[in-house]
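I opened this one to see how its chains are put together. These are my notes, in the order I looked things up.

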Amino acid sequence: MATRAEIDMRTRLQNWLPKLVLSPSLGMIFVFVYGFILFTVYVSFTDSRILPFVDKNGQTTYELIGFTNYEKLFKLSHWDIAVWNMAVFAGLYIIICTLIGLLLAILLDQKIRGEGLIRPIFLYPMALSFIVTGTAWKWMLDPGIGFENIMQSWGWVSFSFDWIKNRDFALYTVVLAAVWQSSGFTMAMFLAGLRGIDTEILKAAQMDGASNWNLYRRIIIPQLRPAFLSAFVILAHLAIKTFDLVIAMTGGGPGRATELPATFMYSYTFSRNQMGIGAASAVIMLMTIAAIMIPYLYSELKERKQ
Amino acid sequence: MSVASQDSGMRQGRVARVFIYLVLLLFGLFYLLPLYVMGVNSFKPLSEITGGGMMALPEVWTVEPWLKAWSTAQIGVEPTGLRPYFWNSISMVVPAVAISTVLGALNGYVLTKWRFRGDTILFGLMLFACFIPFQIVLIPMAAVLGTLGLAGTTAGLVLVHLVYGIGFSTLYFRNYYAVFPTELVRAAQIDGAGFFRIFWRILLPSSGPISVVCIIWQFTNIWNDFLFGASFASGGGAPMTVALNNLVQSSTGVKEYNVHFAGAILAALPTLLVYIVAGRYFVRGLMAGSVKG
Amino acid sequence: MMMKTLKASVAGLALCAAPAFAEDVEVLHWWTSGGEAAALNVLKQDLEGQGIGWMDMPVAGGGGEQAMTVLRARVTAGDAPTAVQMLGFDILDWGNQGALANLNAVAAQEGWDAVVPAALQEFAKVDGKWVSAPVNVHSTNWVWANKSVLDANGIAVPTTWEEFTAAVETLSAAGVTPIAHGGQAWQEATVFDAVAMSAGGPDFYKSAFIDLDAEALGSDTMKEAFDRMAFIRANVDDNFSGRDWNLATAMVINGEAGFQMMGDWAKGEFLNAGKVPGQDFLCFRFPGTVEQVTFNADQFAMFDQGGTVSDQQAALASSILSPSFQSAFNVVKGSVPARTDVSDADFDDCGKQGMKDLAAAASSGNLFGSMAHGHANPAAVKNAMYDVITAHFNGEYDSATAVEELVSAVEIAQ
């Protein structure tokens, strides 16, 4: 028989253990994410150029300059382009991936023969890095050697597809390649959602003579709400991190037509030796992400409490 | 946890089914096209590529580019090919994926079965951390790694990937465990089972599917990472993607596209393999967990 | 807390920058493609002959941008490589940061001051101290031409802008793409280097690109330069955007196009395709810049190893500047030696001419750093100029707007 004190100790330990287990992860995140964000905010108020540091003689190589970096940032037409591109890119990318993902999931859910073969084909692009698939896309979209050339050599002489070379359309080719990469993954999430739906309800509805269309519209798709939300988080995160793709496909061009905030930030921080402006753009970007994600996370997490 | 893998498929006419297969086929072609372009050009001699005909099958088939990419292509000053870097990637990916998955599982367990005041906020903070752009963490991370004496080591790289992978692994496991019946945990508690015992005996045995999802996700992201690998590994310890980048990118040299494509497929083989082998469990894992409220 | 950690680690930088094996040199560079890397291997073997190990740290991408990012991480972590391949203003920036070693002892011993052109020394010295060892000199105001295309259309090598426009129009009328061009910002800037030099001459080039004089930047001459860019834009094929430079070179090699404006590294593509200079292809200075050379030079900057230059660094620096390495490396690379007293025996015709041009330009004060390749102004300004040049080339601005934008972009970037 354990004494009362021992039991107390054990309960106390059991109470603390969960928090103890959680703490290394939380500690890492507070230092390496939130600490670094604060650091970036600090750098954005300095005139840091190559490095945000003191040199060996102990002298600071930067000065605090208030909001100057932010003023400069907002004067750069280059930044406006990047932000606007991000809005268009993220919007189209998330919507198209969701639509294609949903469509393919519904089609694949119709007792398709060879599903085991088709699924990995839809999924595999997620496994590849854009360092080189970017090159393959660049080739295929290039009017000189890609689709345009092939269609024309097959006799469709008037066929024209030169979006990647066109300032007004190049961004859409980036969307195309990005959709290629992640729509299969979105499909998997919706497929999982579809397979999780209670078949009893469906049978009942079918008995009532509901048409396929109505069945999906009224019963199935509303039940996929959690899948929509997960897809949104993952796609939004991928959209914001899109960087390699642009570098490999267009290098931000033609001109600056496919510049995104991530490429802007990288270029000012590391290639242009204007780390202060780079940090300012990162802060604005983080604030924008927060403005979109926090209300979403709030509603999501609050609901789950019930 | 077992969800019957039952299609919610409907009755359709023959025309509709043909149409469905047709659409699936078209999308399949769309997804395969870049792989086809890469594959077909990796078997051509360079002269055939620069001569045009991106989609054409090789007139002369050659495995030379593959051999070159693997063992003799110039990565740095030494013509080593990608081979030595393969192991570097493995020795970085395996611990990083294993640790982040285990921590993610434990975090998910705590956040759903041992709830405390403020846990939702902490989870929210972990989740928001997934969105930090990697470009801004480079410099401060380098400073921290330098202070810890981990700069230029594999351990340092593992730490970096762990830190930025943990948000998603926690998300996956938390959502999965959220629908796991809490009554089972409570019953075990009453029987006197402790924190780890419950995890080990009750939750872990049914965590297979979500572990697959988490491992696939982490493996893909860490294997394909370039920025951290280039910045925090030493030259000889660089992961595969850095070597591939060195192979592919050359500012003022001759570009051997066939070798580039062969190298790209070689570098992607492990992730492709993971998707093909574990793919069937992948949908099952997603189904059982992360897409449910 | 954060700042303290950072400061501590930087304070530690000076002390623990040496790599684990004191006998080795760790070299960060971006020469990873076949010929370049093989050429660098000459240096490696040379050092190994002296008992010094070579730890290779190759990071390719973006013409060294990726390597510079990695360098920042390494320096911040207090783990700077021994030697780093660097260009132009980056060397000065790091030198001013106090991060580079003083090579004056080696330089004096080997007489670098006498053999390295003064314009190049400006990028190898900080406060009168040698901090880096130049490997080569690339010149960027070259035109590459397909000889049989020119011959077939009765075109002689153009030496003035007028002759050049006439030649371009002849080719255009004959249905040949006159100018092969890859639409990437740095390539457009490379062309702009030569075009601005030819439009305004060396004094204009210097005051606009090197002194960043607002008046020169906003002048009518600058507008003329942009007009000439517009002419070039009108005479490239429709498909230029995003094309890699070497694919543009291939167009000249295959006779699909007449000219390409590109630095001397383009020669490697011709040689690789089995073409012979003078017979199959021609290399000449951009019309109107026959006497001038705009250059960029690769160097190896030596990072400070606790206040002194290590023996290994001294050995590396001295190997880099040895005439035998300078010749062996540059024959392969397409560039010319960074010292003007190296024998041209092993070089082909274009290489020989390049060496002659460099020596002549250096002695007549016609050697200028290339704006496009970071040897005329700092990275921030260079990239601001890129933005305007590429926007104009892609039709976003007309020439007058481009001039205005150039003035304001340079102002913001400074």
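**Ground rules.** This is a predicted model, so I keep in mind that local features need pLDDT of at least 70, that side-chain atom pairs count only at pLDDT 80 or more, and that totals for chains, interfaces and linings use all residues. Residues are numbered from 1 along each chain as its sequence is written, while chains are lettered from A and ligands numbered from 1 in the order in which they are written.

**Chain B overall.** I looked up the secondary structure and got 13 helices and 0 strands for chain B; helices (H or I, at least four residues) and strands (E, at least two) are DSSP runs, numbered from the N terminus. The C-alpha trace of chain B spans about 75 × 70 × 30 Å along its principal axes. Of its 293 residues, 56% are buried. My cut-offs are these: buried takes 20 or more other C-beta atoms within 10 Å of the residue's own, exposed takes 12 or fewer, and partly exposed is in between, with C-beta atoms placed from the backbone. I also checked contacts (C-beta atoms, placed from the backbone, within 7 Å). Among those in chain B between residues at least 6 apart in sequence, 75% join residues at least 24 apart.

**B:Asp119 and its helix.** B:Asp119 sits in helix H5 (residues 119-129) of chain B.

Next I looked at what H5(B) packs on. H5(B) and helix H7 (residues 154-178) of chain B pack at about 130 degrees, their axes 8 Å apart. Axes are lines fitted to C-alpha atoms, for helices over the stretch in contact, and angles run from 0 to 180 degrees between N-to-C directions. The two helices H5(B) and H7(B) are therefore oblique; under 35 degrees would be roughly parallel, over 145 roughly antiparallel, 65 to 115 roughly perpendicular, and the rest is oblique. From H5(B), B:Phe123, B:Met126, B:Leu127 and B:Ala129 make the contact, and from H7(B), B:Gly167, B:Thr170, B:Leu171 and B:Arg174.

**The sheet in chain C.** I found an open sheet of 5 strands in the order E2-E1-E3-E13-E6, with mixed pairing; strands pair if DSSP finds at least two bridges between them. Its edge strands are E2 (53-58) and E6 (132-134) of chain C, each pairing on one side only. The twist averages 30 degrees from one strand to the next.

I then followed strand E3 (residues 83-87) of chain C, where 5 of 5 residues are buried. C:Ala83, C:Gln85 and C:Leu87 cover one side, and C:Val84 and C:Met86 the other. E3(C) pairs with strand E1 (residues 24-29) of chain C in the parallel sense over 2 bridges, and C:Val27 stands opposite C:Ala83. Strand E13 (residues 298-302) of chain C runs antiparallel to E3(C), joined by 5 bridges. In that pair, C:Met86 stands opposite C:Gln299, and C:Leu87 has C:Asp298 as its bridge partner.

Helix H3 (residues 65-76) of chain C lies across E1 and E3, and helix H4 (residues 88-96) of chain C across E3, E6 and E13.

**The core.** The largest nonpolar core has 328 residues, and those touching the most other members include A:Tyr93, C:Val131 and C:Ala301. Such a core is a set of buried Ala, Val, Leu, Ile, Met, Phe, Trp, Tyr and Cys residues joined through C-beta atoms within 7 Å. C:Val131 touches C:Ile91, C:Ala301 and C:Met302, among others.

Notes: Two residues are in contact if their C-beta atoms, placed from the backbone, lie within 7 Å. Lists of a residue's contacts leave out its neighbours within four places in sequence.
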